[in-house]
Amino acid sequence: MFENIQSFFQNLTQSSASRDFPPDDLRVAIAALCFQVMEADGTVSKVERQRLRQLLQEHYQLSSGKLDALMEAGREAGREAVDYYRFTSDIRRHLDEEKRVELIGILWDIVYADGERNEMEDHVIWRVADLLGVSVRDRVLQRQQASSHVDAQQDIEDHKDPV
């Protein structure tokens, strides 16, 4: 009886995004961590959201509607989580070391999307990398690569001819 009541209330609160992507879906865990990194500095910029959307599309090739649902499921899961372990434990079980390092690179890419790096974002990535078993060396290398991409992009934009 208790299970029926609990199920009833869970079904009432589930959004369509939750139905498209169950909470234990690895893609939701990854999107949730991305949202937690974006929200670490207290603001989520439009460019950060666009970059996350672009990265998820590149990795998962989802339709626009499914991509919206994944973004919403990740945002919801990130807001409901009390720590990073919920997501990092699933990710660590499903991704090999190389893919976990790549994920840290994605998180840095999102941090640098708005052109600014914040100490709170640094802290979140440090904790996530630690929980994922990504070495300090690999975390720093991924940060440097993301930073150099931003610097290279800025150089290109600075040298464009005005129209």
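## Exercises on a predicted helical model

At 10% relative accessibility, tyrosine 112 counts as buried (buried is under 20% relative accessible area, exposed over 50%, partly exposed in between, with a 1.4 Å probe and protein chains only). This is a predicted model, where local features need pLDDT of at least 70 and side-chain atom pairs count only at pLDDT 80 or more, while totals for chains, interfaces and linings use all residues. Residues are numbered from 1 along each chain as its sequence is written, and side-chain values use heavy atoms, with hydrogens and water left out.

**Exercise 1.** Find the aromatic partner of tyrosine 112 and classify the pair.

*Step 1.* Apply the ring rule: rings of Phe, Tyr and Trp (its six-membered ring) pair if their centres lie within 6.5 Å; planes under 30 degrees apart are stacked, over 60 edge-to-face, the rest tilted. The count comes to 1 aromatic pair.

*Step 2.* That pair is tryptophan 108 with tyrosine 112, at 6.2 Å centre to centre and 35° between the planes, so it goes down as tilted.

*Step 3.* Now place the two residues. They are 4 residues apart in helix α7 (residues 97-112), so about one helical turn separates them (helices are DSSP runs of H or I, at least four residues, numbered from the N terminus). Tryptophan 108 is buried too, at 1% relative accessibility.

**Exercise 2.** Work out which residues alanine 146 touches, leaving out those up to four places away in sequence.

*Step 1.* Locate alanine 146: it belongs to helix α9 (residues 136-158). Its relative accessible area is 5%, so it's buried.

*Step 2.* Look for contacts (heavy atoms within 4.5 Å). Alanine 146 touches Trp108, Asp109 and Tyr112.

*Step 3.* Alanine 146 and leucine 107 are 39 residues apart in sequence, with 9.2 Å between their C-alphas.

**Exercise 3.** Identify the residues that touch the most other members of the largest nonpolar core.

*Step 1.* A nonpolar core is a set of buried Ala, Val, Leu, Ile, Met, Phe, Trp, Tyr and Cys residues joined through side-chain atoms within 4.5 Å. The largest one has 42 residues, and Leu52, Ile91 and Ile104 touch the most other members.

*Step 2.* Sort the core by element. Two or more residues each come from α3, α4 (46-60), α5 (64-80), α6 (85-94), α7 and α8. The largest share, 10 residues, is from α3.

*Step 3.* Zoom in on isoleucine 91. Beyond four places in sequence, its contacts include Leu26, Ala29, Ile30 and Leu33, as well as Arg100, Leu103 and Leu132.
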